[in-house]
Amino acid sequence: MSAKRNSKQKPAEAVEKQLERYREMRDFGITGGEPRGKNAAHKASAKLPFVVQKHAASHLHYDFRLGWNGVLKSWAVAKGPSMNPADKRLAIQVEDHPVEYGGFEGIIPQDQYGGGTVMVWDYGTWEPQTDHADVNEELEKGSLKFTLHGTKLKGSWALVRMKRKFGSETKPAWLLIKEHDRYERDAEDISIVDEKTKSALTGRGMEAISKSEDHVWAPKTNASASRKARHHQVQKMNRSTTKVEASQSPVVLTHPEKILDEESKLTKQQLADYYLSIADGILPHIANRPLSIVRCPQGSSKPCFFQKHATDSLSSAIESVLIKDKKSDKAEPYITISTKDALVELAQLGVLEIHPWGATNDDLEHPDRIIIDLDPDPSISWPTLAASAIAVRNLFKEINLDSFLKNTGGKGLHIVAPVIPDQDWTAIKQLAHEIALHLEKQDPRLFITKMSKAERKERIFVDYLRNERGATAVAPYSPRARSGAPVALPLPWSALDGSERPHAFVATAAEWNHGGDPWVTMRRLRQDIDLEKAFHILKT
């Protein structure tokens with residue numbers, strides 16, 4: 001099979017052509033051309049088809065399929081394949097699928113097994129590695145090594161069956177692992193499923209496929225039944241989408257009733273409404289900055305992931321800014337936003353945390369804020385943490401900087417001092433480090449600047465490393481991907497006077513979001529740093 005797509009071919013025609021290829025394979029059996037009969041050798045003597053289908057069913061996953069013995073041997077890979085050999089991706093073996101299914105891209109009606117949207121994310125050919133040529137034997141043993149020749153996945157791979165079942169799964173659990181070769185990536189590289197998001201067959205994204213009526217999987221129905229199934233799916237899609245009415249936003253939320261936090265029962269719709277309600281407060285601190293976002297498409301109780309790179313699967317409301325990597329000198333697109341509609345798009349993506357850089361897109365090499373992160377051991381009382389935040393505020397005052405307070409939504413506090421962006425990252429990091437060292441010197445039994453958790457017992461870790469190029473800190477008003485969906489809330493300094501720590505949650509925003517923003521003056525505050533004087537004060 002050719003791994004190239006004819007850009008002039010219509011999506012429906014491309015799918016039909018691919019289906020025909022797979023039907024032809026079904027007719028003669030995809031066993032590598034081995035002779036038939038009970039004495040036939042079970043070894044592949046030719047390249048065999050493989051396909052990876054991105055599948056938005058009850059949960060988003062990737063179906064990894066190898067053609068063998070007239071069927072598609074299939075595994076469900078929740079996170080999708082990884083080109084990083086250090087990643088061992090859980091792959092639950094599912095039933096063999098008919099060969100023609102490997103060419104399918106379109107809609108499976110919700111009343112059928114696996115109902116949802118299916119994309120041909122990758123396809124190509126595979127063959128077992130030389131020392132694993134007896135495929136049947138290797139599958140039975142639970143260790144198959146093979147080589148992929150796809151449009152996206154290439155090189156050497158392994159499927160290894162786990163000795164025990166995974167969790168409550170009753171089906172065999174395997175691990176899909178990339179082997180070391182010239183195609184591998186490391187942990188610093190963007191994952192291939194985040195980078196390559198469009199169909200290898202038609203170039204469409206999942207949303208475009210879901211809205212198309214060109215293919216509905218109904219292998220055992222006649223044409224009339226197929227049309228009915230298609231109509232049923234389209235009607236269900238219409239019922240499961242809604243526009244965010246609060247701002248007449250053009251953004252469409254799919255499955256607005258989806259619960260993103262089990263404790264508070266926060267839905268995607270409520271998250272979108274929350275983002276709109278705090279847009280005027282959060283946008284001044286995240287707009288026109290590179291962002292890292294925490295996406296929880298299945299909710300905060302399921303695996304979430306960080307994303308900082310912009311990909312072609314994101315809405316046009318979510319912009320990008322090119323940032324050159326200091327080590328590789330390679331420019332990469334980072335996520336950035338500037339509008340309320342973009343905030344709603346973040347809700348659509350299941351974004352439960354927003355973390356901006358400490359510099360703007362206009363001047364990435366000069367930060368405009370200094371952040372001191374107080375991360376207390378659980379044994380530290382609120383009055384002690386509050387007094388520590390006041391100590392940091394006083395240090396900032398000594399070097400002529402006003403500062404602002406934020407509850408992180410976890411157990412810590414951030415003290416933030418806005419500055420004119422005329423110092424580079426090295427200078428700002430060094431200044432933040434001096435503040436941390438000064439605190440540690442003044443009270444070494446309470447403060448510690450080392451990251452070692454073993455030494456942080458009954459102490460407050462003073463984290464100054466959020467002042468590095470590329471580092472981020474949770475935005476004011478951002479939710480947190482934790483049980484209950486707490487909020488990183490800006491606080492007035494008077495909030496430290498209370499005997500108990502203030503808490504805020506997305507679900508209770510109506511109780512605390514009354515329009516008063518403790519950080520409103522930060523937007524117009526311009527503070528210059530006399531570095532020489534500041535270092536002299538902090539070291540004495």
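This is a short walk through one protein chain, from its overall make-up to a few local spots.

Okay, so before anything else: this is a predicted model, where local features need pLDDT of at least 70, side-chain atom pairs count only at pLDDT 80 or more, and totals for chains, interfaces and linings use all residues. Residues are numbered from 1 along each chain as its sequence is written, and side-chain values use heavy atoms, with hydrogens and water left out.

Let's start with the whole chain. We've got twelve helices and 24 strands; those are DSSP runs numbered from the N terminus, helices being H or I with at least four residues and strands being E with at least two. Of the 540 residues, 53% are buried. Buried here means under 20% relative accessible area, exposed means over 50%, and partly exposed is in between, using a 1.4 Å probe and protein chains only. Then the contacts, meaning heavy atoms within 4.5 Å. Take those with a separation of 6 or more, and 67% of them come from residues 24 or more positions apart.

Next, the disulfide, which is called when a pair of cysteine sulfur atoms sits within 2.5 Å. The structure holds one, and it joins Cys-296 to Cys-304 with an S to S distance of 2.1 Å. The link is right-handed, with 115° about the S-S bond. Which of the two cysteines is buried? Cys-296 is, at 0% relative accessibility, while Cys-304 is partly exposed at 32%.

The search runs on a 1 Å grid over the protein atoms alone: a cavity is a set of points where a 1.4 Å probe fits but cannot get out, a pocket is an open set with protein on both sides within 12 Å along at least five of seven lines, and lining residues have an atom within 4 Å of a point. Grid points are joined across faces, edges and corners, and a volume is the space filled by probe spheres set on the points.

There's one cavity of 30 Å³ or more, and the largest cavity holds about 80 Å³ of space. It's lined by 14 residues, and the closest to its centre are Pro-356, Trp-357, Arg-369, Ile-371 and Ala-473. That lining splits into nine nonpolar, two polar and three charged residues. For the classes, Ala, Val, Leu, Ile, Met, Phe, Trp, Tyr, Cys and Pro count as nonpolar, Asp, Glu, Lys and Arg as charged, and the others, Gly among them, as polar.

The second largest pocket comes in at about 540 Å³. It has 25 lining residues, with His-355, Asp-373, Asp-463, Arg-466 and Arg-480 nearest its centre. Elements giving two or more residues to that lining are β18 (351-356), β19 (369-376) and β23 (460-463), and β19 has the largest share with three. By class, this pocket's lining has eight nonpolar, eight polar and nine charged residues.

Those strands β18 and β19 turn up again with helix α7, residues 279-286. Six of its eight residues are buried, namely Ala-279, Gly-281, Ile-282, Leu-283, His-285 and Ile-286. What do they pack against? That would be α6 (268-277), β14 (291-295), α8 (340-348), β18 and β19. Just after α7, Asn-288 takes a positive phi of about 60°.

Now for some loop residues. Arg-185 sits in the loop between β9 (173-178) and α3 (192-195), and it counts as buried because its relative accessibility is 19%. Its side chain makes a polar contact with that of Glu-195 at 2.5 Å. A polar contact is a pair of N or O atoms within 3.5 Å; within protein, one must be able to donate a hydrogen and the other to accept it, and residues adjacent in sequence count only if both atoms are side-chain atoms. The Arg-185 side chain also reaches the backbone oxygen of Ile-190 at 2.8 Å.

Thr-449 is in the loop between β22 (447-448) and β23. It's buried too, at 13%, and its side chain has a polar contact with the side chain of Glu-440 at 3.0 Å.

Last one: Gly-142, in the loop between α2 (135-141) and β7 (143-150). It's buried at 4% relative accessibility. Leaving out residues up to four places away in sequence, Gly-142 touches Leu-159, Val-160, Arg-161 and Trp-174.
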